[in-house]
Amino acid sequence: METVDAAARITGPSSDFSRIPYHLYTDQTVFDLEQERIFRGPTWSYLGFETEVKEPGDYITGYVGTTPYVLTRDKDGALHAFVNRCAHRGVAVVRDLRGNARNFTCIYHQWCYALNGDLIGVPMMKGMRGVGGYPDDFSVDGHGLKKLRVESFSGIVFGTFSDETPPLEDYLGPAICARLKLVCGRPIKVTGYHRHTMRANWKLFVENTRDMYHAPMLHPFLPVFGIADMNMRATMEMNERGGLNSVLAGYRPPPGGDEPARPRPTKGLVLEEPGVAVGVPEFQDGLALAIISIFPSCLFTLPGNTFSVRQIRPKKPDLVETLYTWYAFEDDDQEMLQRRRMQNNLFGPAGYVAMEDAEALELIQQRISDAALDGCSVLEFGGRGTEDRIDHMLSEGAIRAFWKGYCDIMGIPVSDESAAA
Ligand code: FES
Ligand SMILES: [Fe+2]
């Protein structure tokens, strides 16, 4: 009851989602509600690739919102995920980022957990020499690590805390499923990781990944070296889950066509290492770049030939970490692997493009975090309100769609008072 009131008291975006009050990016109350209603609510969060836990006993660790988890594969090949917090006194049970184990033993009092998170051993259950120990009715049953429901799609593993979350494929929606099948449709291998921490609210990062407006403005690298520009043939699909999931795609023109929408490098400017920017066609539909956002916790980015998934890990209202997992296809030859590695330079904490995004987001957070300042951001590029699909890049419609879905799941009412701010 307490939290229903808390959401209803929050001043939300305007009803056309063209005004977003700044306090939604700064308030601790909003942040705490997001953990409850979104990250521990009826959503599927990205946990990792099946190939990262290929063998029995393999495990990786990560975060769903602020909650730490472990993803494992048991001896029978089944996948499991559980909260990485000892059921005895709360110690982090698994302290490595990834590895292989027969079971997990907490360092503090050595409670021991199976690969599925069940408690299987407790030291001194019966005390010593008839003294101490646990009460007779104490049982290891019911003291396992808190489990998540786990499902996979196209080799990508998701988890949820809620029994109300719909089946994964329904949650993702047809547009996302079609793209994921394309970009993870062949066996993949992980080629590396990056962690990037930004002193900004996690939703600023999400907005940025749906913001085509800024791409050629903040990142002149993209149009100047022919990676992307606003004239590309493009689609934005915001699926039926209230706009929370989206696919933004840019396409190469068909061979031999006279379509003008081809990013062209600026004459006279050349990169010393052109391989950073020049991609080769990989997909039959001419896909040149794609950003697949899966609410709330991940996005797949595919510009040119470099592929990664980023796990979004909110830490505080003004702090977010993203974990990049870089991947390639198992059957890539050395030339393709090298091409992908070169293009990885666009992203990551020192990436030519991603570090500019981080700088912009941190500059926003610095300016809006003063509680004495009210105000809101203005999202009117490409119109007002929300649409399911937009067939160009000249719109902030994908961001407005995100806010619509966000307010629905959070229970935050829209408020046209915010438009006057
Ligand atoms: S806190 Fe883990 S065994 Fe005591
Ligand atoms: Fe950007």
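**Cysteines**

I looked up Cys 106 and found that, at 3% relative accessibility, Cys 106 counts as buried, where buried means under 20% relative accessible area, exposed over 50% and partly exposed in between, computed with a 1.4 Å probe on the protein chains only. I note that this is a predicted model, in which local features need pLDDT of at least 70 and side-chain atom pairs count only at pLDDT 80 or more, whereas totals for chains, interfaces and linings use all residues. For the bookkeeping, residues are numbered from 1 along each chain as its sequence is written, chains are lettered from A and ligands numbered from 1 in the order in which they are written, and side-chain values use heavy atoms, with hydrogens and water left out.

I searched for disulfides (a pair of cysteine sulfur atoms within 2.5 Å) and found zero in the structure. For Cys 376, the closest cysteine sulfur is that of Cys 407, at 13 Å, which is too far for a bond; Cys 376 itself is buried at 11% relative accessibility.

**Sheet**

I traced an open sheet of seven strands in the order β2-β11-β10-β5-β4-β3-β6, with antiparallel pairing. Because β2 (45–49) and β6 (98–100) stand at the edges with a single partner strand each, one side of each is left without a neighbour in the sheet. From one strand to the next the twist averages 30°, with axes taken as lines fitted to C-alpha atoms (for helices over the stretch in contact) and angles running from 0 to 180 degrees between N-to-C directions.

I took strands (E, at least two residues) and helices (H or I, at least four) as DSSP runs numbered from the N terminus, and counted two strands as paired if DSSP finds at least two bridges between them. Strand β3 (residues 58–64) is joined to the antiparallel strand β4 (residues 67–73) by six bridges, and Gly 62 stands opposite Tyr 69 in β4.

Since His 214 lies in the loop between α5 (202–209) and α6 (215–218) and Asp 357 in helix α9 (residues 354–368), the pair ties together parts that are 143 residues apart in sequence. I recorded His 214 as buried at 14% and Asp 357 as buried at 9%.

**Salt bridges**

I found 15 salt bridges, each a side-chain nitrogen of Lys or Arg within 4 Å of a carboxyl oxygen of Asp or Glu. Glu 362 pairs with Arg 199, the closest N and O atoms being 2.9 Å apart, and this links helix α9 to the loop between β12 (188–198) and α5, 163 residues apart. Glu 362 is buried at 10% relative accessibility, whereas Arg 199 is exposed at 56%.
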